[in-house]
Amino acid sequence: MQKEIHPTYHKIEVTCSCGNTFDTQSTYAEDMLRIDVCGKCHPFYSGKQKIVDTAGRVEKFNRKFAKTVFSKEDKSTDSKKDK
Ligand SMILES: [Zn+2]
């Protein structure tokens, strides 16, 4: 091995968003690593359906969808009230 070109391989603590923590070895610069999904909570292993939504995309879609669907309904009800 060449000297001073390899990152340090050390023990780190991984913390998942579900609350599960475990130790592993990594060249990651920090001693702690936060992850969104792990082997305990991933749908494939847990057998439960779970939406992995990190960037709020589901919420964004629901907002957008609600706007298109309900705005049409609102218009139709408004026009009925007017008549
Ligand atoms: Zn997890």
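Author: The residue I12 has its place in strand 1; helices (H or I, at least four residues) and strands (E, at least two) are DSSP runs, numbered from the N terminus. Residues are numbered from 1 along each chain as its sequence is written. The model is predicted, and local features need pLDDT of at least 70, side-chain atom pairs count only at pLDDT 80 or more, while totals for chains, interfaces and linings use all residues.

I12 counts as partly exposed because it has 17 C-beta neighbours inside 10 Å. A residue is buried with 20 or more other C-beta atoms within 10 Å of its own, exposed with 12 or fewer, and partly exposed in between, the C-beta atoms being placed from the backbone. Apart from neighbours within four places in sequence, I12 is in contact with T24, S26, Y28, D31, M32 and L33; contact is given by C-beta atoms, placed from the backbone, that lie within 7 Å. From I12 to S26 the C-alpha distance is 6.5 Å, with the two 14 residues apart in sequence.

Next comes the strand itself. Strand 1 covers residues 10–16 and runs antiparallel to strand 2, joined by six bridges; two strands pair if DSSP finds at least two bridges between them. K11 stands opposite Q25 in strand 2, and V14 has F22 as its bridge partner there. Four residues lie between the two strands of this hairpin, and G19 in the turn has a positive phi of about 105 degrees.

The open sheet has three strands in the order 2-1-3, with mixed pairing. Strand 2 (21–26) and strand 3 (32–35) are at the edges, each with a single partner strand, so one side of each has no neighbour in the sheet.

Key. Contact = placed C-beta atoms within 7 Å.
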